[in-house]
Amino acid sequence: MYHNPKIPEGINSTKENPLKEFSILLLGTIALVVIVSLILGFSGSWLAGKIPFSAEVKIASMYDITQYTDSNEHPRLAQYLQSLVDKISKAQNLPEEMKITAHYMDSDTVNAFATIGGNLFIYRGLLEKVPNENTLVTLLGHEIGHVKYRHPIKSLGRGVAVAIAMTTITGSTDSQIMGDAGLLTTLQFSREMEKQADEEAMYTLQSLYGHINGGAELFRIFQNMRQEMETDEPSELFSTHPLDQHRIDNISIMAKKNNWKETGNLSPLPDFFQEEINSYLNQ
Amino acid sequence: MEQLLITIVLVALGYFFGRRAENKHIKSIIEREAVMNQLPAMAGRFPPQNGKYHQQLVSGSVVIANDYFKTFVAGLRNLFGGKITAYETLLDRARREAVLRMKQEAQSLGAELIFNVKYETSNISGQYNKRMPVIEVHAYGTALMEYSTK
């Protein structure tokens, strides 16, 4: 009579703990994602840097910027900011077609940022803290520096390239590659980019006023603000902005290297400046 | 972030419960196979032609669902290629369980032998590839019963 033999275990299945395979695969996937996003992010940013500025302006014009800004309600202030911006653009030797537009935002946010198409957004919250024109020029010079080195479009290019890669890998189709918020959210700049913009701001100060007094004040504003909010500065490793103190130190180093004067007369802000900024209180 | 948390919880649940169920199932399969081994099942297509037996179709089927952990591992495996061991265990269990059920039916008929044993495996989770795989394994064969026992 026929008998079935006893089949040994472990031929069609493995006794190995599946967690082992899981962790190897997970680590491999994470490594793959990181490498792919680094490579794609880098090439996306590099390629975006090749986009002519005129095309960048066209991309920016897809968004209706005027609906967000309060420049029209404060024509004097907007005009003043624009005149400073034009002066700085000249000082930074911006190419002819690179037109910078300043937008005033009547909001408490302590911030200012540059975005694609040479658009600068400056919030009232930050302007309230600016003590003199030199510091304001540092702020605008920094943001215009970002535009000069094409940081907004590079950052956008990197974001789009990484988003496309992630959509492909994860297979999801619901993620927005270039959402409506793309223009108005602060684009993430790398620490290198911030440093480049800081340096550009210092060059601007020096060439406009012959000294760099007032420049470091800008970073002290941010430092104080962070202390007021009692939030610890994020450790440098995780932050894209160089630590405030590092930026202040870096200014001194730059001044010494280039033989710039760190002291000098500060130019006051125009008389109507405070008035315009405080106008929201009367409403 | 929430999405990530949900996934982690699902994977952890899938791992703990899936693994517990699997180990229990394998243990039970091995025990029952030891008993059922006295009823031979074979793939041969030609039954003994001596007129001593009558024949009947016997079958056993099992539907087995995947857990989230296995699906997740298989998804990761899809990126790199290679054997999906998580599914191998699953299918092995399903086939053996199907044979055991078929043998149980044959045993209740008083069979002495099952020949021409075949398997059918089908995916019944539908056409949406995002759904977790659910498979059915169907084992069937011809049971031989001695006339005298009737």
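Analyst: Met105(A) stands opposite Tyr123(A) in E3(A). Strands (E, at least two residues) and helices (H or I, at least four) are DSSP runs, numbered from the N terminus. This is a predicted model, in which local features need pLDDT of at least 70 and side-chain atom pairs count only at pLDDT 80 or more, while totals for chains, interfaces and linings use all residues. Residues are numbered from 1 along each chain as its sequence is written, and chains are lettered from A and ligands numbered from 1 in the order in which they are written.

E1(A) and E3(A) run parallel and are joined by 5 bridges; two strands count as paired if DSSP finds at least two bridges between them. The open sheet has 3 strands in the order E1-E3-E2 (chain A), and its pairing is mixed. Its edge strands are E1 (101-105) and E2 of chain A, each pairing on one side only. Neighbouring strands are turned by 20° against each other on average, direction ignored. Axes here are lines fitted to C-alpha atoms, for helices over the stretch in contact, and angles run from 0 to 180 degrees between N-to-C directions.

The other pairing is antiparallel: 4 bridges link E2 (residues 112-115) of chain A to E3 (residues 119-123) of chain A. Thr115(A) has Asn119(A) in E3(A) as its bridge partner. E2(A) and E3(A) form a hairpin with 3 residues between them, and Gly117(A) in the turn has a positive phi of about 80°.

Helix H3 (residues 75-91) of chain A lies across E1 and E3 of chain A and runs at about 145° to E1(A). Helix H5 (residues 133-148) of chain A packs on the sheet, where H5(A) touches E2 and E3 of chain A and its direction makes about 20° with that of E2(A). Contact between two residues requires C-beta atoms, placed from the backbone, within 7 Å.

H5(A) has 16 residues and spans 21 Å from its first C-alpha to its last, close to the 22 Å expected at 1.5 Å a residue; the expected span is 1.5 Å times one less than the number of residues. H5(A) is mostly covered, with 15 of its 16 residues buried. A residue is buried if 20 or more other C-beta atoms lie within 10 Å of its own, exposed if 12 or fewer, and partly exposed in between, with C-beta atoms placed from the backbone. Just after H5(A), Arg150(A) takes a positive phi of about 60°.
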